[in-house]
Every structure is written in C-alpha cells, then in structure tokens.
Amino acid sequence: MSKSVYSLVLTDQVVEAIDALAYTMGTSRSALIDRILASHVSYTTPEMRINSIFDSVSRLMEQHSGFIVQAVQAGDQMMSIRSSLKYKYKPTLRYSLQLHRSSEKTEGELKVSFRTQSAELIARMEDFLRLWAALEDKYIVKSLPDGIRYIIEDGRFTRSFTLPDSYKDKSDEEIAAAITAYIHMFDDVLKVYFAHLDSGTAAEAAVQRYGEYLKKGITII
C-alpha cells in the first residue's frame with residue numbers, strides 16, 4: 001500500500017496531545033494520525049489489520065498453558081511469545097512473530113530462538129529444525145505456491161509465512177487462529193523431541209507426533 005507526504009495545518013495543542021499519545025503507544029505521530037483518520041472514515045489500514053491479528057493471537061495463546069505473550073512492539077509490527085523447554089539446561093524459547101504491511105495478502109515470519117552457551121543444545125536444536133523443515137517440505141509445501149523460506153543458523157530458526165489464496169477472504173480472527181495453531185504445534189513437537197533425546201528415539205517420537213497432527217488436520221500456513 002502506497003503512502004504519500006501531505007501538508008496539514010493543525011492546532012499546536014492537538015499535535016502535542018497526539019505526540020504524547022503516540023509516545024505512550026510506541027508509535028509515530030504520522031502512524032497515529034493515519035490510524036485515527038482511517039478509523040473515522042471506517043477504513044482498515046494494513047497496520048490496523050496487523051494489530052487486530054496480534055490481539056487475537058494474544059487472546060488465543062492464553063488458552064494454551066505454558067505460553068507467555070509479551071507486549072507487541074508497535075513500531076516493528078512484532079509480538080513476542082515465550083515458552084519454557086524442559087531440558088537439563090532449562091532454556092526459554094522465544095517466538096517472535098512479525099507481520100508485514102500488505103493490502104493484498106498477509107505475509108510475515110516466525111523466528112524461534114533461545115539463549116544458551118551450550119554447543120550440545122544448539123546442535124540438538126538444529127537437528128530438530130532440519131527435521132521440522134523436512135516434514136514441512138514433504139507434507140505442506142505443495143499447498144503453498146510461493147513455497148517456504150527457512151533460515152537455520154546457530155540454533156535459531158526463521159520461517160516465512162505466506163497465507164494461501166484460500167485465506168484471501170479469511171477474517172483476522174481466522175488468520176490469528178491459523179498462526180496460533182502453527183506455533184502451538186511447533187512447540188509441542190519440539191518438546192516431544194527433546195523429551196526423547198536420552199532414549200535415542202527423539203526423531204521417531206517427533207515424526208509420530210507430527211503425524212498425529214496430520215491425521216487431525218493441520219492448518220496450512
């Protein structure tokens with residue numbers, strides 16, 4: 001969606017109030033004025049749609065135990081979700097969800113990371129991430145015309161989100177539900193993998209759990 005520069009004559013006191021409100025909301029003067037005007041004329045901007053999706057993701061995540069949703073970073077259009085991994089180093093997983101401004105389709109990416117100095121843990125995480133990417137390439141990539149972009153590096157995972165054409169007319173709530181379901185599934189399969197590391201059956205257990213989701217019907221995203 002294109003944006004242009006316009007000259008407006010505004011009352012100084014109004015601008016001061018706008019600036020104060022924008023500061024508390026973590027956004028810019030221009031973004032806030034754009035949002036206010038869009039609301040007044042009943043127009044939904046990409047930023048408003050993203051915030052609506054984030055609000056729904058936050059609410060839906062509260063229905064799943066073990067997740068902590070942190071404040072949305074308004075300027076970056078990003079939200080952060082934390083989950084604890086029960087492993088000997090007890091790392092905290094961080095899911096960073098970012099959605100991009102687009103009037104045609106909802107696109108974004110999910111980043112998964114954790115703080116650790118353990119080379120062993122990083123190696124095991126990368127093993128799981130490669131397994132996860134292989135499962136998606138086998139079962140769902142054919143349903144996504146643009147494919148899936150992955151980055152696996154230093155135990156960190158970045159995965160693109162491009163909703164299929166079937167989601168073109170979906171509501172913000174439905175899109176949020178799809179994103180929430182994906183994060184929950186990823187987190188669950190990851191924890192199953194780590195729970196079976198000591199027994200040497202981590203990959204088999206993870207594949208089996210992923211298969212259970214397939215049988216129930218997973219959301220393609």
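Mentor: The largest nonpolar core has 49 residues, and those with the most contacts inside it are Tyr95, Trp132, Ile179, Phe186 and Phe194. A nonpolar core here is a set of buried Ala, Val, Leu, Ile, Met, Phe, Trp, Tyr and Cys residues joined through side-chain atoms within 4.5 Å. Two or more residues of this core come from each of helix H3 (46-61), strand S2 (78-84), strand S3 (92-100), strand S4 (107-114), helix H4 (119-139), strand S6 (156-162), helix H5 (172-195) and helix H6 (202-216). H5 supplies the largest share, 12 residues. Helices (H or I, at least four residues) and strands (E, at least two) are DSSP runs, numbered from the N terminus. In soluble globular proteins, nonpolar side chains tend to be buried together.

The model is predicted: local features need pLDDT of at least 70, side-chain atom pairs count only at pLDDT 80 or more, and totals for chains, interfaces and linings use all residues. Residues are numbered from 1 along each chain as its sequence is written, and side-chain values use heavy atoms, with hydrogens and water left out.

Helix H5 deserves attention next. H5 has 24 residues and reaches 34 Å from its first C-alpha to its last, close to the 34 Å expected at 1.5 Å a residue; the expected span is 1.5 Å times one less than the number of residues. Of the 24 residues of H5, 17 are buried, so this helix is largely enclosed by the rest of the structure. Buried means under 20% relative accessible area, exposed over 50%, and partly exposed in between (1.4 Å probe, protein chains only).

Thr180 illustrates the setting of this helix. Thr180 is found in H5 and is buried, with a relative accessible area of 3%. Leaving aside neighbours within four places in sequence, Thr180 is in contact (heavy atoms within 4.5 Å) with Val57, Leu60, Met61 and His64. Under the same exclusion of sequence neighbours, Trp132 is in contact with Phe157, Tyr182, Met185, Phe186, Val189 and Tyr210.

In one of them, Arg159 pairs with Glu136, the closest N and O atoms being 3.1 Å apart. Arg159 lies in strand S6 and Glu136 in helix H4, so the pair ties together parts that are 23 residues apart in sequence. Both partners are buried: Arg159 has a relative accessible area of 0%, and Glu136 is likewise at 0%.

Salt bridges that share partners also join Arg124, Glu126, Asp127 and Arg130 into one network. Arg124 is partly exposed at 26% relative accessibility, and Asp127 is partly exposed at 27%. Glu126 and Arg130 meet in a salt bridge of 4.0 Å, N to O, and both lie in H4, 4 residues apart, about one turn of the helix. Glu126 is buried at 18%, whereas Arg130 is partly exposed at 45%. An α-helix has 3.6 residues a turn, so residues three or four places apart point the same way.

Some nonpolar side chains lie at the surface instead. Tyr6, Leu8 and Leu10 form a nonpolar patch there, with about 380 Å² of accessible area together. Such patches are made of residues with over 30% relative accessible area and no salt bridge, like charges being joined within 9 Å and nonpolar side chains (Val, Leu, Ile, Met, Phe, Trp, Tyr) within 5 Å. Accessible areas come from the Shrake-Rupley method with a 1.4 Å probe, and for residues only the protein chains shown count as cover. Tyr6 is placed in the segment before helix H1 (12-25) and is exposed, with a relative accessible area of 66%.

The whole protein gives the context. Its secondary structure comes to 6 helices and 6 strands, following the pattern α-α-α-β-β-β-β-α-β-β-α-α along the sequence. Buried residues make up 41% of the 221 residues.
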